Amino acid sequence: MKQHISIEDLKTLTDEQSHALCDNWLPAKYDLVAAKVCKDAENDVYDDIEFAVGEVILGRGTAITLRRLRLIEENVAEEEGETLDDEEAFDLPVADDWDYFNKEDCLPLLNIGQLIGMIQQTKAGQGGFKIVIPPSSEVLFDQEYTLEDKMGELNSAENLCDLLWEQLKALL
């Protein structure tokens, strides 16, 4: 079962939806995040990277900076003057020397619980909704995950994460 939305899912957002998602997201340590990193400023080439938040730094006003989670092995190697390959130190792809990111330049790779929480915070979600999870055993016909709001509107999908993501996108 899919546990998190992906960078490809984030690419389906409009600019307005992206801004609304970023504005409604309160980052926390260990959140999975996607950010764009400039690879070639002259040709305006950006690369999408994923990272886990290691620290949330509050600045003056509303400024929030996210520090990339660094593994112990990487910190020890840095102190000893060694460099580790990304494959040795990380499960997630990261940019070479990027450690700090502005929250405005990032979007969360929300998990199922975070998706439910964000839907609950919307006006439509405050009235409550019902999620139906089909049995795991194969029955006579395939059943899908369904989500029903207080108005009786019903949505369904084969994957719970995708169902919640489509619902959140509609509410942003």
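**Terms and their grounds**

The model is predicted. What covers the buried residues of helix α5 includes α2 (15-24), α6 (123-126), β6 (129-132) and α7 (160-171).

Q: Which residues of α5 are buried, and what makes them lie on the same side of the helix?
A: In α5, which spans residues 112-121, the buried residues are I112, L115, M118 and I119. They lie on the same side of α5 because the arc they cover around the axis is only 125°.

Q: Why is Q167 called buried?
A: The term applies under 20% relative accessible area. Q167 has a relative accessibility of 10%, and therefore counts as buried. Q167 is found in helix α7. Leaving aside neighbours within four places in sequence, Q167 is in contact with I119, L147 and N155.

Q: What makes β6 and β7 paired strands?
A: Pairing requires at least two bridges between the strands. β6 and β7 (residues 145-149) have 4 bridges in the antiparallel sense, and therefore count as paired. Within this arrangement, V132 stands opposite T146 in β7.

Q: Why are β6 and β8 placed at the edges of the sheet?
A: The open sheet has 3 strands in the order β6-β7-β8, with antiparallel pairing. β6 and β8 (154-157) each have a single partner strand, so one side of each is left without a neighbour in the sheet. From one strand to the next, the twist averages 15°. Helix α7 packs on this sheet and touches β6, β7 and β8, its direction making about 30° with that of β7.

Q: How many aromatic pairs does the structure hold, and why is the pair of F51 and F101 called stacked?
A: The structure holds 1 aromatic pair. The rings of F51 and F101 are 4.5 Å apart centre to centre, with 20° between the planes. Centres within 6.5 Å qualify as a pair, and planes under 30 degrees apart count as stacked; the pair is therefore stacked.

Key
Residues numbered from 1 in each chain as written. Predicted model: local features only at pLDDT ≥ 70, side-chain atom pairs only at ≥ 80, totals over all residues. Heavy atoms only, no water. Buried < 20%, exposed > 50% of the residue type's maximum accessible area, 1.4 Å probe, protein only. Helix = DSSP H or I, 4+ residues; strand = E, 2+ residues; numbered from the N terminus. Arc of directions from axis to C-beta. Contact = heavy atoms within 4.5 Å. Axes fitted to C-alpha atoms, helices over the stretch in contact; angles between N-to-C directions. Phe/Tyr/Trp six-rings, centres within 6.5 Å; stacked < 30°, edge-to-face > 60°.
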